[in-house]
Amino acid sequence: MTDLPTNPVENLSALIRCASVTPSDGGALETLAAMLKPIGFECEAVTFSHDGTPDIKNLYARRSGNGPHLMFAGHTDVVPVGDEDGWTHPPFSAIVDHGLLYGRGAVDMKGGIACFVAAIARVLEKETIAGNISLLITGDEEGPAINGSVKLLDWAANKGENWDACILGEPTNPDVIGDMVKIGRRGSLSGTITVQGKQGHVAYPHLADNPVRGLIVLCDVLLDPPLDQGSKEFQATNLEVTSFDTDNPAVNVIAAKAKASFNVRFNDHWTEETLRGEILTRLEKASLVNKLRGEQDVPITYDVVWKEPASQVFLTRDDALIGTLSRSIKQVTGKKPQLSTSGGTSDARFIKDYCPVVEFGLVGQTMHMVDERVPVDDLETLTNVYEHFIRNWFQAADT
């Protein structure tokens, strides 16, 4: 009989050895499928394409049964390794050193996948699972996120798949396993403001129109006053100017235009439409506060280009999913997890349109860093949590 993938360290080591830096798959999805097939999963590899973006391989794996449908979601793509010479061990060697497993993707988030696979295998060693379990795994989470989960979900749904709940295995815990479950995320909206001016010599400013002056005014009104003070479930909405540029290499030339990019992480006080409206209102009012040019008052000439698509704010309120996961965490760790909506975006922003979704995975302290690593003990703890959760969720769903 083929050995079952019950060991999370072995599972993770095999996945880390696949150099799957976005958009390369590096054999990661084939390696994962080889783990899943011996425990009864049917695996379909699906490649999606879009003009101007690389083709991306994805995997949908399903173990069919009679009953509710639980999805586990995640990604096998990883960010670049950075300075490879700075790593204690080669980033795709999966070396265990003093109880730590080193490798790119160990935490974000091949470790979560490895633990969930081990948990399913351990449950099936002892009992049957009455319902359906699927794994929705993309290779495009760390990249543009165009040819990944959003298309894979649509593809599966068009085939007749529907899900009752999802757990996404992103690294959610700040310090130790059991600290935090993510039950929602703020939305994300990005745009670029361009102010038009008139190029000229810096020694003759009266003959030019410096766009930097106007752009500073516009950025200032976006930053102050604050957009809100937060809500019951979410942090305050926050706008950050992320770039400011004139594309001007000369120090003695006033540029013809200046542009600034910004990103807003917004809470449930806003929708994408109302937030865009607030930003445009602030800009329009500020642009009419005229700039003095000799004897003439000249309004700020500008335009705004929005980056599509925006990510929508969401909050999961499924008591069965959240309560079952929280109880499972407490059974294994003794901790009552904090229910949080903090942090950035994830593929949960796509999944929430299909079923309730929460996020729970490893400790995220070394994700995206040189020497990304995970304690072997944490892999065992997370596997135990997932194992309890699988049993508890199907038992609760059957009652």
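Colleague: In what order do the strands of the open sheet of four strands stand, and what pairing does it have?

Modeller: The order is β12-β14-β10-β17, and the pairing is antiparallel. At the edges stand β12 (238-245) and β17, each of which pairs on one side only. Direction ignored, neighbouring strands of this sheet are turned by 20° against each other on average. Please keep in mind that this is a predicted model, where local features need pLDDT of at least 70 and side-chain atom pairs count only at pLDDT 80 or more, while totals for chains, interfaces and linings use all residues. Residues are numbered from 1 along each chain as its sequence is written, and side-chain values use heavy atoms, with hydrogens and water left out.

Colleague: How do you know that β10 and β14 pair?

Modeller: Two strands pair if DSSP finds at least two bridges between them. β10 and β14 have 10 bridges in the antiparallel sense, so they meet that rule. The strands themselves are DSSP runs of E, at least two residues long, and helices are runs of H or I, at least four, with numbering from the N terminus.

Colleague: Which helix lies across this sheet's strands β10, β12, β14 and β17?

Modeller: That is α6 (residues 272-287), which runs at about 165° to β17. For such angles, axes are lines fitted to C-alpha atoms, for helices over the stretch in contact, and the range is 0 to 180 degrees between N-to-C directions.

Colleague: Why is Ser-13 called buried?

Modeller: Its relative accessible area is 7%. Buried means under 20%, exposed over 50% and partly exposed in between, with a 1.4 Å probe and protein chains only, so Ser-13 is on the buried side. This residue belongs to helix α1 (residues 8-16). Beyond its neighbours within four places in sequence, Ser-13 is in contact (heavy atoms within 4.5 Å) with Ala-94 and Leu-101.

Colleague: What makes strand β6 (residues 132-138) mostly covered?

Modeller: Seven of its seven residues are buried. One side holds Asn-132, Ser-134, Leu-136 and Thr-138, the other Ile-133, Leu-135 and Ile-137, and both faces are covered. β6 also has partners: β2 pairs with it in the antiparallel sense over five bridges, with Tyr-60 opposite Leu-136. Strand β3 (residues 69-75) pairs with β6 in the parallel sense over seven bridges, and there Phe-72 stands opposite Leu-135.

Colleague: How do you know where empty space is left?

Modeller: Rolling a probe the size of a water molecule over the atoms shows it. On a 1 Å grid over the protein atoms alone, a cavity is a set of points where a 1.4 Å probe fits but cannot get out, whereas a pocket is an open set with protein on both sides within 12 Å along at least five of seven lines; lining residues have an atom within 4 Å of a point. Grid points are joined across faces, edges and corners, and a volume is the space filled by probe spheres set on the points. One cavity of 30 Å³ or more is counted. The largest cavity holds about 40 Å³, and its lining includes Ser-20, Leu-29, Lys-57 and Thr-76.

Colleague: What is the volume of the largest pocket, and which residues are closest to its centre?

Modeller: The volume is about 1000 Å³. Of its 41 lining residues, Glu-141, Ser-311, Thr-345, Ser-346 and Arg-349 are closest to the centre. Elements giving two or more residues include β10 (187-196), β14 (257-266) and β17 (302-311), and β17 gives the most, with five.

Colleague: Which element gives the largest share of the second largest pocket's lining?

Modeller: α2, with four residues. The second largest pocket holds about 190 Å³, and Leu-29, Cys-43 and Lys-57 are among the residues lining it.

Colleague: Why does Leu-29 count as buried?

Modeller: Leu-29 has 7% relative accessibility, so it falls within the buried class. Leu-29 is in helix α2. Leaving aside neighbours within four places, its contacts are Lys-57, Asn-58, Leu-59, Thr-76 and Ile-137. From Leu-29 to Cys-43, 14 residues apart in sequence, the C-alpha to C-alpha distance is 9.8 Å.
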